[in-house]
Amino acid sequence: MRRVVLLILALISAQHPLAAESRPNIVLIISDDQAWNDYSHTGHQQIETPRLDALAAESVTFTRGYVSSPLCRPSLASILTGLPTHVHGITGNDPATGDRSIHNMASRRYPRHDKLHNVLYDRLDEQPNFVKALAGAGYATLQTGKWWEQDPKRYGFSHAMTHGDPRRGARHGDAGLVISRKGIGPIREFLDEVTTGEGSRPFFIWHAPLLPHTPHSPPKALLEKYEKLAPTKPTARYWAMCEWFDQTCGELLDEIAGRGFADSTAVLYVTDNGWIQDPGKMNKFQPRSKNSPYEGGIRTPISVRMPGVTEPRRDEETLVAAIDLPTTILRLAGIDVPAEMRGIDLLDTQRLVARDAVFGSEFPHNIADVRQPDVGWDSRYVVSGGWKLIDHANLPDELFDVKNDPSEERNLFDERPAVAERLQLAIDRWWSRDQ
């Protein structure tokens, strides 16, 4: 009966916002540094991911998902705001200061670094934000894992593992980064607090563990397993991390189910950016993966599971984007979607099919100018149908048939000039919007 009720509520949510007690719980799982095909269900022959395979099989799962940036901080900001990188303005992980000790928060450059970061924090305050919308609708909201934007409570979280204070060593998650690597105790405590007694309310969990992200330090049993399968030790460590991440996702999902919330909880899945392991170097990635505009850096599976609302199916054709997640989450919760958000509800099949393309951009790791977010890009990319154009700032442009050539081995830019021209015009229109 509850499934029928949830289905009806989802169908009418755009017109009739739900009462807080009727809203579904929501869990957003964000993998950190994992290639789109490093799961059993996307075709990897050695890495075993049974829990994520099961989640994908129970969900509406899109295998042609794309992030807005191949780097974690700008990608996560897009997931939070539903905006492209050059619009929300967080284009890299750190402002460029010319100081190679930028990661050392105790350096004498710290005050300058702090001032530049404040420009980014202030701009983010002005952007749409699905977590703030959930909190305003009565949700208890928990941040765990990767988080770059100072104190998470500034941006809508009622509860947070991360403190965000650079004077205490904060950079990209601080205390929150132990989630799943050292169990899920903080999530259990959060659920104990917000789902019992008279103060019980729907919950949202931002679950972004530092997995399979470096350091690649998997449990011994998993490492021994993959050392027998992988061609090199660095590869074995990365493969083991992928399965460890899978196991920890299972731990979280089991906790939700064990408390009786499985049928009333929406679970969404995405990765922040890709990773292709360097076979010869520990904790290092190859070119054409992280921080690159190639499939290994920007493609991700995206899944949505809401029992009674979503009908499990696998979609290997439709183009979707990480910026679709905020819109989808708010629609599931029966909350109005801010007009500025660019995404499409991932359950709105008609609009997804009508979409012409998805877009993104790659900027340097360090932000050249925090006050001019649309300058300094290295590449911009568009995927339309089976075609993908990479518009490089300082290199020859590239055109790939990624449906038939997902490893992007053959550049067809000179062979298909009409396609390249059409996609270049599309990029220029997308880039100029709201600028």
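I started with the cut-off for burial: a residue is buried when its relative accessible area is under 20%. I also noted that this is a predicted model.

**Entry: Asp324 and Arg355**
I looked up aspartate 324 and found a relative accessible area of 0%, so I wrote it down as buried. Its partner is arginine 355, and the two side chains form a salt bridge with N and O 2.7 Å apart. Where do aspartate 324 and arginine 355 lie? Aspartate 324 is in helix α11 (residues 324-332), while arginine 355 sits in the loop between α12 (349-354) and β11 (358-362), so the pair ties together parts that are 31 residues apart in sequence. Arginine 355 is buried because its relative accessible area is 17%, which is under 20%.

**Entry: Arg188 and Glu251**
Next I turned to arginine 188, which makes a salt bridge with glutamate 251; their closest N and O atoms are 3.6 Å apart. This pair links distant parts of the chain, 63 residues apart: arginine 188 belongs to helix α7 (residues 185-194) and glutamate 251 to helix α9 (residues 233-258). Is arginine 188 buried or partly exposed? I found it partly exposed, at 31% relative accessible area. Glutamate 251 is partly exposed too, with 27% relative accessibility.

I then followed the shared partners: salt bridges join Arg188, Asp192, Glu251, Glu255 and Arg259 into one network.

**Entry: Arg410 and Glu415**
I checked one more pair, arginine 410 with glutamate 415, a salt bridge whose closest N and O atoms are 2.8 Å apart. Glutamate 415 is partly exposed, at 47% relative accessibility.

**Entry: the tally**
How many salt bridges did I end up with? The count comes to 26.

Methods: Residues numbered from 1 in each chain as written. Predicted model: local features only at pLDDT ≥ 70, side-chain atom pairs only at ≥ 80, totals over all residues. Heavy atoms only, no water. Salt bridge = Lys/Arg side-chain N within 4 Å of Asp/Glu carboxyl O. Helix = DSSP H or I, 4+ residues; strand = E, 2+ residues; numbered from the N terminus. Buried < 20%, exposed > 50% of the residue type's maximum accessible area, 1.4 Å probe, protein only.
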